[in-house]
Amino acid sequence: MDQANPFETPRTYSLHRAEYLVGLAVTTGLIIAHFGEIRWGVAIALFLYIDLIGYIPGAIAFKRSGGRPIPKTYYVLYNVMHSLITQGAVAALWCWLVKPEWALLVLPFHLFGDRGLFGNFMKSFALPFEPVRQPGYLRLLDDLGLARPKPAGHTMEPAPVGHVPARPARRQQREAVR
């Protein structure tokens with residue numbers, strides 16, 4: 001909303017995403033216009049490496065954690081790899097060391113798609129790695145008199161108050177032996 005309150009209402013969040021959808025539309029148009037000039041092996045590798053380094057390790061760690069916090073390293077990897085600054089630097093280095101080429105369009109295409117289509121922005125250390133609706137945010141919407149939007153994508157509902165995630169069976173067995 002402003003520098004002192006950096007959160008978004010459902011409406012401003014939708015508008016924020018819409019800006020990235022425009023970027024996605026532009027990059028999609030350029031990809032279509034230059035389809036035959038794109039080295040597709042390079043494009044696919046550039047598209048995938050962002051998530052292979054920045055998302056998949058954290059998603060696996062989150063899934064295995066059973067709801068417990070995961071190391072902040074996964075958040076840093078995600079944020080660095082999903083940064084327009086980082087990918088701009090990668091594109092600049094590629095142009096300098098290899099050559100400018102249309103395959104580089106997949107870098108903004110990936111980031112604009114993540115943000116515009118899926119609503120995935122930078123990850124905060126204060127929140128779970130995967131989206132989980134926060135009771136405090138839901139209360140804020142209620143206090144502001146705003147409707148609660150339906151969870152999007154793979155957003156999870158918050159755990160019931162007082163809920164403690166179950167520990168994996170192997171850890172329980174190890175602790176029982178001690």
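1. Helix α5 covers residues 84–97, which is 14 residues, and spans 19 Å between its first and last C-alpha atoms, close to the 20 Å expected at 1.5 Å a residue. The model discussed here is a predicted one.

2. Helix α6 is formed by residues 106–116, and its axis comes within 10 Å of that of α5, with a crossing angle of roughly 165 degrees. Angles over 145 degrees count as roughly antiparallel, and the two helices, α5 and α6, are therefore roughly antiparallel to each other. The crossing of α5 with α6 is right-handed.

3. On the α5 side of this contact stand L84, Q87, V90 and A91, and they meet L107, L111, F112 and R115 of α6. Sorted by class, the α5–α6 contact comprises six nonpolar residues, one polar and one charged.

4. Helix α6 also packs against α1 (residues 10–33), at an angle of about 145 degrees and with the axes 8 Å apart. The crossing of α1 and α6 is left-handed.

5. From α1, the residues R17, Y20, L21, G23, L24, T27, T28 and I31 take part, and their partners in α6 are P108, F109, F112, G113, R115 and G116. The class count for the α1–α6 contact is seven nonpolar, five polar and two charged residues.

6. Regarding α6 itself, F112 and R115 are among the residues that meet α5, and F112 and R115 are also among those that meet α1.

How values were computed. Residues are numbered from 1 along each chain as its sequence is written. This is a predicted model: local features need pLDDT of at least 70, side-chain atom pairs count only at pLDDT 80 or more; totals for chains, interfaces and linings use all residues. Side-chain values use heavy atoms; hydrogens and water are left out. Helices (H or I, at least four residues) and strands (E, at least two) are DSSP runs, numbered from the N terminus. The expected span of a helix is 1.5 Å times one less than its number of residues. Axes are lines fitted to C-alpha atoms, for helices over the stretch in contact, and angles run from 0 to 180 degrees between N-to-C directions. Angles under 35 degrees count as roughly parallel, over 145 as roughly antiparallel, 65 to 115 as roughly perpendicular and the rest as oblique. A crossing is left-handed if the near helix is turned anticlockwise from the far one by less than a right angle, and right-handed if clockwise. Contact means heavy atoms within 4.5 Å. Ala, Val, Leu, Ile, Met, Phe, Trp, Tyr, Cys and Pro count as nonpolar, Asp, Glu, Lys and Arg as charged, and the others, Gly among them, as polar.
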